[in-house]
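Please read this note beside the model.

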Amino acid sequence: MTGAIHADPLLDPLFTTEAAAAAFSPAARLQGMLDFEAALARAEAAEGVIPAGAVPAIAAACRAELYDAGALGAEAALAGNPAIPMVRHLTGKVQETDAEAARFVHWGATSQDAMDSGLMLQLRRFLDGLDGDLAGLADGLADLAERHRGTPMVARTWLQHALPTSFGLKAAGWLDALNRDRRRLAAARGQLALQFGGAAGTLAALGDRGPAVAAALAAGLGLPLPALPWHASRDRVAGLAAALGILAGTLGTLGRDVSLMMQMEVGEAFEPAAPGRGGSSTMPHKRNPVSCAVLLSCAIRAPALVGGLLAAQVQEHERGLGGWHAEWQALPDLCRLVAGAARHGRDTIAGLTVDAVRMRANLDLTRGLILAEAVTMALGERMGRLAAHSRIGEASRRAAADARPLRDVLAEDAGVVEALGREGLDRLFDPLGYTGAAGHFIDRVLADHRQAGHRPAGDRRDADGTG
């Protein structure tokens, strides 16, 4: 059996993980089908469908390293799928040691049974690895949310300064979305099930023993037993694809935010620094957001793959033509991409450098205009919202035109000083005094995170020395 884990050794290490590449390697695809064949023989022997003596020879031949993936692929180009030549070569391998056992290879099954059930085994392995990275990312975000609940920063809407918020709330927002993604993936995983229906989904070749064999086969593979075979009902695959696509968007949002915060003009947070990471081939000073680039590229590429898998859901009668085939490469490609993004996201958050001093400094760039709403609301209690809005709006225009702090301009307005007092003005221009329910929202997200059984992340220190 030949075939490297990475199909593209130059790019795959950037865009996927070793675990995801291994889960969808040619060897893993073939082994998944062979695991189905071995479990099928055991289940049928247990139910008296085939002789028990046939099982050892069949099981011994169900090892991917015994076969040449290139030869199977060449034959699949003519046969229409790789399971057909696989069964032929498996039968030949069993024949070498037990001619009688060779008669019972793939008994009563069809090629789609082997391929779909093998895929379920691959997906189970893949999802285990993916959730490990997502758990690490979630723990890192929870740690940031807790430690930075009191770290003020600019909230930006339409890419412009809006109001004060806290970096803890921003991290909690990322975490909240990720926790929903993990639940969607868990639900989609719960729908992955055994595929075993024989030629037309009736198991007619097994007579009245079909249901018992199916139950034994499901137990042997550790897969749920569905109510009936689902050859042309591809909602299981589509549901997982949709969950992965939404996760890609969440990771892309994380990548977009961190990359914008990492711009030198902003300078609020930075990806981990390491030799050889994020450099330029010509500019020695560069510290590029390389992981963010991977997160964003995944978010760009994933929707097309998801769209193709949703389109493939429409299939004909009891076995589809073309739609099933469209899944074979698109789903592994999607899985590999999302796995790579999840790993980059986990590593980025684990080593994120947070510059709380710069965050505070950026709040002052508008010379207090970012707190105009806070003053308007307080003044509105005395003179009505519209009148207050007009008065603070005019003061804001004067402050901007003269490049003066809004606090100083308002201090010259006797009506404002009479209504709010000078100490009241000082309190209104404290950014942390106008973050509303941020702390409450952080607590709710962290409680949800803890309820799900996630462990706390390890300690990390920031650029300002806080920990």
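**Notes on the model**

1. Over residues 367–446 the chain is 74% helix and 0% strand, with the end C-alpha atoms 34 Å apart. The model is predicted. An unreviewed UniProt entry places the feature "domain: Adenylosuccinate lyase C-terminal" at residues 367–446.

2. Two packed helices are described by the angle between their axes and by the distance between those axes. For helix α11 (residues 235–261) and helix α13 (residues 323–350), the angle is about 35° and the axes are 10 Å apart. The crossing of α11 past α13 is left-handed.

3. Which residues of α11 and α13 make the contact? From α11 they are V237, A241, L244, L247, A248, L251, L254 and V258. From α13 they are E327, L331, L334, C335, V338, A341, A342, G345, T348 and I349. Sorted by class, the contact has 15 nonpolar, two polar and one charged residues.

4. Rolling a probe the size of a water molecule over the atoms shows where empty space is left. The largest pocket has a volume of about 750 Å³. Its lining consists of 31 residues, and A7, F24, R29, D333 and R336 lie nearest the centre of the pocket.

5. Which helix gives the most to the lining of the largest pocket? That helix is α13, with seven residues. Helices that each supply at least two residues of this lining include α1 (12–15), α3 (26–46), α5 (69–79) and α12 (290–311).

6. By class, the lining of the largest pocket divides into 19 nonpolar, six polar and six charged residues.

Technical notes: Residues numbered from 1 in each chain as written. Predicted model: local features only at pLDDT ≥ 70, side-chain atom pairs only at ≥ 80, totals over all residues. Heavy atoms only, no water. UniProt positions renumbered as here; feature names shortened; annotations may be inferred. Helix = DSSP H or I, 4+ residues; strand = E, 2+ residues; numbered from the N terminus. Axes fitted to C-alpha atoms, helices over the stretch in contact; angles between N-to-C directions. Left-handed = near helix turned anticlockwise from the far one by under 90°. Contact = heavy atoms within 4.5 Å. Nonpolar A, V, L, I, M, F, W, Y, C, P; charged D, E, K, R; others polar. 1 Å grid on protein atoms, 1.4 Å probe; cavity = no way out; pocket = protein on both sides within 12 Å on 5 of 7 lines; lining within 4 Å. Points joined across faces, edges and corners; volume = space filled by probe spheres on them.
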